Amino acid sequence: MKDIRILVLDDEKVFRKEIKEFLDGEGFTALTAERPSEAFEILKENQIDIMILDLRLPEMDGLQVLEKVKNEYPDIEVIMITGHGDMDAVINAMRLGAVEFFPKPFRLLDMRAAIQRTKRYISLHEQLKEISQTYSLVSKDLIESIGSEIIGNSFGIRQVVDLMGKVAKTDNTSVLITGESGTGKELVARGIHYLSSRKKSYFYAVNCSAIPDSLFESEFFGHKKGAFTGANEDKAGWFEVAHGGTLFLDEVVEMQPAMQSKLLRVLEERKIRRIGSSVDIPIDVRIIAATNQDVNKLIEEGKFRSDLYYRLNSFQIHIPPLRERKEDIPLLLDYYLKHISKKLGKKITSVDPMIEKAMLNYSFPGNVREMRNMIERAIILSDSGRLTMKNFVGLIAPQVESNTSGVIGEDIFDLELIEKIVIMKALEKTGYKKSEAAQLLNITRQALDRRIEKYDINL
């Protein structure tokens, strides 16, 4: 979790100084304000997590400040303090959203405990927000068209969508999604979840290669308070979080053998046990796993259990790489140009036709993800409403065979492409002497320079 930033608003200078020194010593980032107007200026310029707020203040009282803070900055948690024992104020503060209320004087250690409780609350709130955003992503992207970005008319992608719809109708069937990095394995998993009866529950994605071995069991199964050093409270694991929904295990083959065995047992018994507990917890989760590696080779090398593979591979969906479905590239290019330019607020009025041709000749080792990132970077680099080859770093314009007589064939009607080919022929014929090429083309040298830049012709 990120560092906690605390704003102390109190008109007593001695108290502000004392609590700031204490909070700084505890590893928090503490800011102070004497007046509400000063505090709201700080809030405009800084990300604040917790506010320690005195009840009696100049300009406006603490309850008014609390109400304004919760209206304008609802994610900030507020701890109220006062030197006057007023039960009505306590009740009103809690109604307005304060999480704690302390009478002065109080022990700083008690304040630290309150901050730690609030910190845990903020952490849980962030987790719930992440899960909510996950569900919103499913709803927004996949309700509209079985998955925004699952785009294409190729046989391969149509088969993927067809298989998604079929397996979604089953409730517990485990799915293994294979495909190279960047092909959209998680998006397909989200689509299966949304299309299934589990769509109203959580879709939780886990990258198995990013979890340290020492935390693997705790993250998967959870733990009881006191189960090991640092286990200061009960914690639900991923299986419990995804109960009733879908747990997506990306790069599942990265699991260590010991964890593979425990995962297999969970899939067979449909129950888990938290670390430090003796109680079994039933779970109802669909497992969707994914990998970009050759599982059969890993099994032969003894790096992945065959019995776990067969359990996960009840239903397999393979996503073909982009280079094997090039007919989808124009559709993806059109979609991402519109989608990303709208997101970035940059209007793209025209696109050099050589870009699509270059993409059709490119192998896209990073697949759709690479294509999306390439287009986003190009739009960011663009200083005008026109995208040219120079905006696409790493993309090479197709070479034109200019020494053959029939280069501009009867089936080419793209005026810009024809102009580029003619310019390249003129440059080649004159040994790349711009003045002579311009004379041959019957244009000025400056006009030739502009066209060379426009078409991103490398000399």
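**Grounds for the labels**

Modeller: Let us begin with Phe239, which touches Phe220, Phe221, Leu247, Leu263, Val266, Ile272, Ile283, Val285 and Ile287, leaving aside residues up to four places away in sequence. A contact here means heavy atoms within 4.5 Å. This is a predicted model, in which local features need pLDDT of at least 70 and side-chain atom pairs count only at pLDDT 80 or more, while totals for chains, interfaces and linings use all residues. Residues are numbered from 1 along each chain as its sequence is written, and side-chain values use heavy atoms, with hydrogens and water left out.

Biologist: Which residues touch the most other members of the largest nonpolar core?

Modeller: Phe220, Phe239, Leu247, Leu249, Val252 and Phe304 do so, in a core of 32 residues. The largest share, five residues, comes from α10. A nonpolar core is a set of buried Ala, Val, Leu, Ile, Met, Phe, Trp, Tyr and Cys residues joined through side-chain atoms within 4.5 Å. A second, separate core has 27 residues, including Leu322, Tyr335, Met354 and Leu417.

Biologist: Why is Tyr336 called buried?

Modeller: Buried means under 20% relative accessible area, exposed over 50%, and partly exposed in between, with a 1.4 Å probe and protein chains only. The relative accessible area of Tyr336 is 0%, and Tyr336 is therefore buried. Phe364, at 1%, also counts as buried.

Biologist: Why is the pair of Tyr335 and Tyr336 edge-to-face?

Modeller: Rings of Phe, Tyr and Trp (its six-membered ring) pair if their centres lie within 6.5 Å; planes under 30 degrees apart count as stacked, over 60 as edge-to-face and the rest as tilted. The centres of Tyr335 and Tyr336 are 5.2 Å apart and their planes stand at 65°, so the pair is edge-to-face. For Tyr362 and Phe364, the values are 4.7 Å and 75°, so this pair is edge-to-face as well. The whole structure holds nine aromatic pairs.

Biologist: What makes Lys199 a charge over the ring of Tyr194?

Modeller: The criterion is that NZ of Lys or CZ of Arg is within 6 Å of the ring centre and within 35 degrees of the ring normal. The charged end of Lys199 sits over the Tyr194 ring, 5.6 Å from its centre. Lys68 likewise lies over the face of Phe40, at 4.3 Å from the ring centre.

How values were computed: Helix = DSSP H or I, 4+ residues; strand = E, 2+ residues; numbered from the N terminus.
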